[in-house]
Amino acid sequence: MWRAAVSGRTVLGGRALRAVCVIVGGVLVLAGCTNNTEESGPAVPKVTVDKVDAIAATLPDKIKQSGRLLVGVNVPYQPNEYKDASGRIVGFDVDLMDAVGSVLGVKVEYVESAFEKIIPAIQAGTYDVGMSSITDSKERQAQVDFTDYFKAGIQWVQQSGKPVDPDNACGKKVSVQATTVEHTDEVPAKSEKCVAAGKAPIDIKPFDEQSAATNALVLGQVDAMSADSPVTAYAIKQSDGKIESAGPLFDSAPYGWAVPKNSPLAAVLQAALNHLIGNGQYRTITENWGVQDGAVTASVINGAER
């Protein structure tokens, strides 16, 4: 995900007032109404994965001895990570990390965290891995290493039948999740171009949770939303025809699992993932969640180009 997780960045915007929530076409809607639980997520089968002793033997001793992999995650960010009706954290990222855990013979334990705190917590040793659709970037590589597992782009979404041009959205209201790259870089850069051309800036509306940013669009409180391509595809599918894509996908970049700098865990995760890619189970997991368009053919470490 094009989420920003750089220590020291300010999260703009606060939580809106909560009110009675309504489900419309699978999307939670009402002004300022958000929820960490997605009540109507798809029923997705789990893939059975066997342990690979040769790869498991390369785990750092601390993880090998504890038998667990502690993963920091921020929810909701459907379909990658969110809570089902029982409050359990599920999603594409979860299924893939669970499969990696099976290869390594360890139990994966997920700890919910504010998104902007994940990378600092990795640096402090609080979590073994940060897994929250984090975009691998050169800037973030100064703080952590990434084992890349997926490729996503940015996709704008609009209300159905109400076209918005992402390259000429001057004066439009655009929702984003706070601290994502859409919020910190992509939409502000487009707004600056508007101002430089003597036009009105884009009115950027940040929300603490992605579900709230989607709700705002479904309700017509904003003209468009900018988010990562797996997220927008899921939002469109769940909206019962209320929203649609606006323009093509762009700025494709890798998602990565964050680990401490120079940690041997990066290579262990890479080996486990490449095993799953090689035997076809990775592809099955991506297809189960409908995100196969972003599947990679091999995992690399710190593969960001910018």
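**Close-up views of a predicted model**

**View 1. Strand E9 and its parallel neighbours.** E9 and strand E10, the latter spanning residues 203-207, pair in the parallel sense over five bridges. The model shown here and in the views that follow is a predicted one. Together with helix H6, the strands E9 and E10 make up a β-α-β unit that is right-handed.

**View 2. The disulfide between Cys 170 and Cys 194.** The structure holds one disulfide, which joins Cys 170 to Cys 194 with an S to S distance of 2.1 Å. The angle about the S-S bond is -85°, and the link of Cys 170 and Cys 194 is left-handed. Distant parts of the chain are linked by this pair, since Cys 170 sits in the loop between strand E8 (144-159) and strand E9 (173-177), while Cys 194 sits in helix H6 (residues 181-196), 24 residues apart. Cys 194 has a relative accessible area of 5% and is buried.

**View 3. The aromatic cluster.** Phe 92, Tyr 149, Phe 150, Tyr 255 and Trp 257 form one aromatic cluster, and the structure holds six aromatic pairs. The rings of Phe 92 and Phe 150 have their centres 5.2 Å apart, and the pair counts as tilted because the planes meet at 55°. Phe 92 lies in helix H3 (residues 92-104) and Phe 150 in strand E8, so that this pair ties together parts that are 58 residues apart in sequence. Phe 92 is buried, with a relative accessible area of 0%, and Phe 150 counts as buried at 2% relative accessibility. Tyr 149 and Tyr 255 form an aromatic pair that is also tilted, with 6.1 Å from centre to centre and 50° between the planes. This pair links distant parts of the chain, with Tyr 149 in strand E8 and Tyr 255 in strand E12 (residues 243-260), 106 residues apart. Both Tyr 149 and Tyr 255 are buried.

View 4. E8 pairs with E12 in the antiparallel sense over 13 bridges, and in E12 the bridge partner of Ala 152 is Ala 253. E8 is mostly covered, as 15 of its 16 residues are buried.

**View 5. The second largest pocket.** The second largest pocket has a volume of about 240 Å³. Its lining comprises 16 residues, of which Ser 229, Pro 230, Ala 233, Leu 249 and Asp 293 lie nearest the centre of the pocket. E8, helix H8 (229-238) and E12 are the elements that give two or more residues to this lining.

Definitions and conventions: Residues numbered from 1 in each chain as written. Predicted model: local features only at pLDDT ≥ 70, side-chain atom pairs only at ≥ 80, totals over all residues. Heavy atoms only, no water. Disulfide = S-S within 2.5 Å. Helix = DSSP H or I, 4+ residues; strand = E, 2+ residues; numbered from the N terminus. Buried < 20%, exposed > 50% of the residue type's maximum accessible area, 1.4 Å probe, protein only. Pairing = 2+ DSSP bridges. Right-handed = clockwise from strand over helix to strand, strands pointing away. Phe/Tyr/Trp six-rings, centres within 6.5 Å; stacked < 30°, edge-to-face > 60°. 1 Å grid on protein atoms, 1.4 Å probe; cavity = no way out; pocket = protein on both sides within 12 Å on 5 of 7 lines; lining within 4 Å. Points joined across faces, edges and corners; volume = space filled by probe spheres on them.
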